[in-house]
Amino acid sequence: MTRISLTVDGSSVSDDVEPRMLLVQYLRERLGKTGTVIGCDTSNCGACTVHLDGTSVKSCNVLAVQADGAEVTTIEGLAQNGELHPVQEAFRECHGLQCGFCTPGMIMQSVDLLNNNPKPTEEEIRLGLEGNLCRCTGYHNIVKAVQTASGQEVHS
Amino acid sequence: MTVTDERPSDAIEKEIGRDRRRKEDQRLITGRTRWTDNIVLPGILHLAMVRSPFAHATITSIDVSAAKAATNVVDVLSGSDFGAELGAIINAWPITPDQVTPAHSPMPADRVAFAGEIVAVVVARTAAEARDAAELVEVEYDELPPALDLKKSAADEVLAHPDLGTNKSALWVFDSGEAGTGGNVEDAIAKARTDGIVIEREYRQQRLIPAFMEPRSVVVDPTGEQYTMWSATQIPHIVRFALAATTGVPESKIRVIAPDVGGGFGGKLQVTPEEWIAWAVGRRLGKPVKYTETRSESLMSAHHGRDQWQKLTLSAEKDGTVTGLKVELLADLGAYVAIVGGGVPVLGAFMFNAIYKFPAYHFSVQTVLTNKAWTDAYRGAGRPEATYAIERLMSELAAEVGVDPLEIREKNWIKHEEFPFTTVAGLEYDSGNYEAATAKAKEMFGYDELRAEQKRRRDAGDTVQLGIGISTFTEMCGLAPSRVLGQLDYGAGGWEHASVRMLATGKVEVVTGASAHGQGHETAFSQIVADRLGVAFEDVEVLHGDTQISHKGLDTYGSRSLVVGGEALVKAADKVVEKAKPIAAHLLEASVDDLEFSGGRFTVRGTDQGMAIGEIATAVFAAHNLPDNTEPSIDAEATYDPVNFNYPHGTHLCAMEVDTETGAVKMRKYVCVDDIGNIVNPLIVSGQVHGGLVQGIAQALWEEAVYDDSGTLVSGSFVDYLLPTAADTISFDIEHTTTPSLTNTLGTKGVGEAGTIASTPAVVNAVVDAVRHLGVNDIQMPCTPERVWKAINGPGSGGATEGAAMPHFESGGAAGNQEQPGQSSTEGAGA
């Protein structure tokens with residue numbers, strides 16, 4: 001067991017974890033942060049995407065011990081003071097989700113994408129979300145949601 | 001006391017037709033979700049499954065001693081540890097009386113019939129410990145030869161279940177001559193061979209995997225008086241029934257909950273070994289247990305879809321007027337007959353004739369057992385296969401006659417003034433307007449300009465050629481009426497149940513038996529009830545997916561929720577109004593005959609007196625002042641059984657660019673105009689269409705479940721099973737035309753499967769159209785660059801792609817489920 005201390009969604013937490021424990025398992029099983037989900041075991045689907053020190057990572061691809069001392073933001077910590085993040089708002093507004101299982105990862109990745117490129121083209125959005133799978137929406141409305149969140153004009 | 005907004009009728013905007021944002025989204029976008037895997041109960045134990053690595057083998061011994069001794073392992077159990085309480089996995093649709101159906105134990109003790117079948121289960125305090133210990137279970141097998149290739153299995157070369165003596169499960173036949181719905185197809189074909197056109201093709205429907213994003217998960221809590229199962233399922237009511245029917249627990253002692261469910265697409269329309277094993281282990285140990293599959297387990301052992309060979313013969317006159325259609329299918333059931341099983345191809349049996357006026361039709365399907373994962377419903381279930389075949393054939397016919405593929409369709413389709421139309425398959429299409437949808441789609445697509453560009457590129461000999469694909473589809477949805485399902489030997493009905501509860505504060509609770517998993521029932525059903533009762537959208541709460549709350553229902557599949565479940569809701573709401581009416585008359589001191597109900601208010605004709613339905617609910621709650629002998633309730637329920645299926649249709653146009661040097665394909669434009677009757681929520685409809693399109697496009701271009709020659713699924717992870725990403729797809733142009741359905745009050749038609757059903761042939765037709773001038777008339781799906789290149793550069797349809805499909809193996813072919821090129825021939829006019 002290894003002792004780790006980190007900040008998750010603004011709260012300081014500290015636990016003994018097995019070295020092999022994945023960050024996503026730590027979030028879900030130890031902290032009850034079940035908003036972040038597991039969709040595959042090959043890091044293809046991106047459903048588990050969170051921010052580690054402000055950058056998106058697939059939390060199935062990070063060991064909990066690697067997050068020691070870091071600041072982690074999950075979908076549960078994105079809204080501030082009861083106000084939805086603009087990307088969350090845009091996903092609802094544009095019907096960018098159906099079953100909602102990929103949504104936490106898709107939103108966290110979209111936030112990261114817009115942090116790096118505030119006015120992306122459609123192609124840049126599509127490439128930026130390539131690591132996140134969705135089976136419901138056909139991506140059409142997800143792309144629109146990201147365009148909307150970026151403040152750009154959207155054609156239906 | 002009433003807090004409901006009063007909404008005078010003149011101020012009310014109709015809810016139906018509004019693009020309401022979804023009620024479901026707030027919790028889904030903030031991570032406040034209730035996926036089954038999120039559920040933790042005091043003392044919960046975790047399960048891990050030990051699965052067979054062999055496709056077909058006898059189990060000779062199972063040694064669990066090392067696993068049992070591992071840290072925090074509570075128990076390790078195999079099939080022989082259980083008796084009848086383990087239950088059985090049922091097939092609810094024996095398609096013929098003599099169907100050969102292998103017994104299906106959730107955990108067989110003696111023999112495994114596909115790679116991934118469960119042979120033992122480990123119970124431990126954590127999921128990681130359970131999985132670690134599963135590695136320590138020693139299972140000895142004697143390998144048996146596996147039946148893998150569909151055609152060879154149909155010839156009984158190797159038996160999937162030796163004790164059954166055959167792989168042939170059932171032969172199901174429809175013949176229009178015998179049914180009296182049309183002529184004799186052999187006569188039509190014989191005539192066409194002498195003076196018309198005969199198109200003969202063999203198409204492959206590759207094996208697909210539904211690949212819902214949420215892996216399946218099940219929690220069983222046996223500690224209450226009712227045993228509770230949470231499951232990531234589309235069908236909580238059917239799971240409850242099947243548990244009762246097969247495990248000896250009375251139905252009244254079973255509660256099944258489908259909490260938030262992360263997609264299904266038919267893939268969660270199943271009763272699963274994992275559910276049954278969790279149920280048995282929980283009962284045995286008296287402790288709550290949880291099992292969540294890995295993605296690899298999901299791809300390997302959750303049911304697959306499609307997997308057919310389609311032998312097709314279309315006859316026509318020289319001018320392209322169709323005279324007959326003969327369809328002979330081989331359908332791969334996999335190792336067992338799943339809950340719908342052979343019923344999937346039968347659902348397509350009535351749809352091959354599609355929108356066209358075939359005078360003669362013959363359909364047969366031979367279902368076949370193999371040693372691969374079992375197959376069952378996947379979005380469209382039977383109808384994509386039918387639509388693919390006929391829409392490909394109609395384009396072939398057009399090429400043969402030498403006319404535009406839209407022209408050949410128009411020549412043969414049912415004209416809008418001919419509805420209602422009884423088809424050669426015996427169905428009555430109630431409404432539709434193929435001309436209108438096609439005209440709109442052509443205009444949006446810029447059809448004539450793209451045809452001109454195609455010609456320019458062809459004339460110039462461009463390396464990148466343009467193809468235009470067409471699909472003028474229809475489908476049957478709703479999976480009802482019950483009477484017809486009974487005639488087809490389906491094990492259940494097709495009705496749906498709803499109830500409306502008028503709360504004391506004027507709020508409304510709606511309970512539906514349809515169990516959503518992403519479709520937006522909570523929003524769309526709220527809109528329906530808000531309109532019907534004249535209450536605010538926000539005041540309606542839709543409850544579903546828990547058999548303790550929604551005690552009666554048939555769940556969600558087959559594009560049935562709105563057209564069947566929505567109609568049940570309408571009927572229940574109308575009963576509420578009827579029950580409220582005499583009470584309103586009493587309270588308003590008026591005659592019932594003088595009351596009108598509109599905009600949520602009962603008014604006395606010719607006066608300004610009135611009362612909102614919420615106020616009546618409050619008065620009924622108090623029950624102080626009701627008419628004599630009146631039950632103090634205006635709650636109501638209804639169970640609705642439709643009179644007919646439901647027939648959405650549409651015109652889909654696809655432009656594909658094909659690089660003739662590399663075989664690479666690229667989608668340039670996709671337009672669809674779907675007629676789904678009246679639309680309740682256009683935003684939700686658009687989402688259903690977009691998602692459906694991509695699943696159908698993915699069959700055409702990317703997805704394929706591939707087995708190697710020992711029966712191992714080599715596309716068993718998301719590295720190998722190619723789900724499209726945002727970078728692979730484009731934005732779509734979708735629109736609608738509207739001819740209301742005449743078989744339900746709301747005039748709606750199903751939309752859940754339409755995009756998937758329509759898009760696959762549109763895409764393949766476009767790819768073939770781009771290279772037809774190079775001598776290509778078929779490319780097998782998925783149309784990988786390798787297949788396209790091979791089709792351009794050699795005979796056949798691109799054939800097997802085992803090299804590309806099996807990057808992990810140095811040699812050996814993908815003999816498992818592939819891949820002879822389909823046979824084809826054409827006789828007649830230009831041949």
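**Entry 1: strand S8 of chain B**

Which residue in S29(B) is the bridge partner of Val198(B)? I looked it up, and the partner is Glu827(B). A reminder to myself before going on: this is a predicted model.

Is S8(B) enclosed or open? Strand S8 covers residues 196–208 of chain B, and ten of its 13 residues are buried, so the rest of the structure largely encloses it.

**Entry 2: a three-stranded sheet in chain B**

Next I traced an open sheet of three strands, ordered S4-S2-S6 in chain B, with antiparallel pairing. Strand S4 (111–112) and strand S6 (138–143) are at the edges with a single partner strand each, so one side of each has no neighbour in the sheet. I then checked strand S2 (residues 57–63) of chain B against S6(B): six bridges join them, and they run antiparallel. In this pairing Asp63(B) sits opposite Glu138(B) of S6(B).

I moved on to another open sheet of chain B, with four strands in the order S18-S26-S27-S28 and mixed pairing. Its edge strands are strand S18 (464–474) and strand S28 (733–736), each pairing on one side only. Ignoring direction, neighbouring strands here are turned by 10° against each other on average.

How many bridges join S26(B) to S27(B)? I got ten, between strand S26 (residues 649–659) and strand S27 (residues 665–675) of chain B, and the two run antiparallel. I wrote down one facing pair here: Glu657(B) is opposite Lys666(B) in S27(B).

Then I asked myself which helix packs on the sheet. I found helix H20 (residues 754–771) of chain B, which touches S18, S26 and S27. The direction of H20 makes about 150° with that of S18(B).

I looked at how two helices of chain B meet. The axes of helix H16 (residues 521–533) and helix H17 (residues 561–588) come within 10 Å and cross at roughly 35°. Right-handed or left-handed? I noted the crossing of H16(B) and H17(B) as right-handed.

On the H16(B) side, the residues that meet H17(B) include Ala524(B), Phe525(B), Ile528(B) and Val529(B). On the H17(B) side I picked out several, among them Leu562(B), Leu569(B), Val570(B) and Ala573(B). By class, the contact of H16(B) with H17(B) has ten nonpolar, three polar and two charged residues.

From there I went to helix H18 (residues 613–622) of chain B. Seven of its ten residues are buried, so the helix is largely enclosed by the rest of the structure. The buried ones include Ile613(B), Ile616(B), Val620(B) and also Glu615(B). What covers the buried residues of H18(B)? The cover includes H16 and H17, along with strand S19 (496–502) and strand S24 (610–612) of chain B. Just past the end of H18(B) I spotted Ala623(B), with a positive phi of about 60°.

**Entry 3: where the two chains meet**

I turned to the contact between the chains, which takes 43 residues from chain B and 45 residues from chain A. On the chain B side, helix H1 (25–30), helix H9 (295–301) and helix H19 (682–701) each supply at least two residues. H19(B) gives the largest share of that side, with eight residues. I sorted the chain B side into 19 nonpolar, 18 polar and six charged residues.

**Entry 4: the domains of chain A**

Last, chain A itself. The domain assignment gives domain 1 (2–77) and domain 2 (86–149). Their centres, taken over C-alpha atoms, are separated by 21 Å. I found 15 residues of domain 1 in contact with eleven residues of domain 2.

On the domain 1 side of that contact, strand S3 (49–52) and strand S4 (55–58) of chain A each supply at least two residues. S3(A) has the largest share, three residues. How many charged residues are on that side? I found no charged residues there, with six nonpolar and nine polar.

Conventions
Residues numbered from 1 in each chain as written. Chains lettered and ligands numbered in written order. Predicted model: local features only at pLDDT ≥ 70, side-chain atom pairs only at ≥ 80, totals over all residues. Buried ≥ 20, exposed ≤ 12 C-beta atoms within 10 Å, placed from the backbone. Pairing = 2+ DSSP bridges. Contact = placed C-beta atoms within 7 Å. Nonpolar A, V, L, I, M, F, W, Y, C, P; charged D, E, K, R; others polar. Axes fitted to C-alpha atoms, helices over the stretch in contact; angles between N-to-C directions. Left-handed = near helix turned anticlockwise from the far one by under 90°. Domains from an automatic or database assignment.
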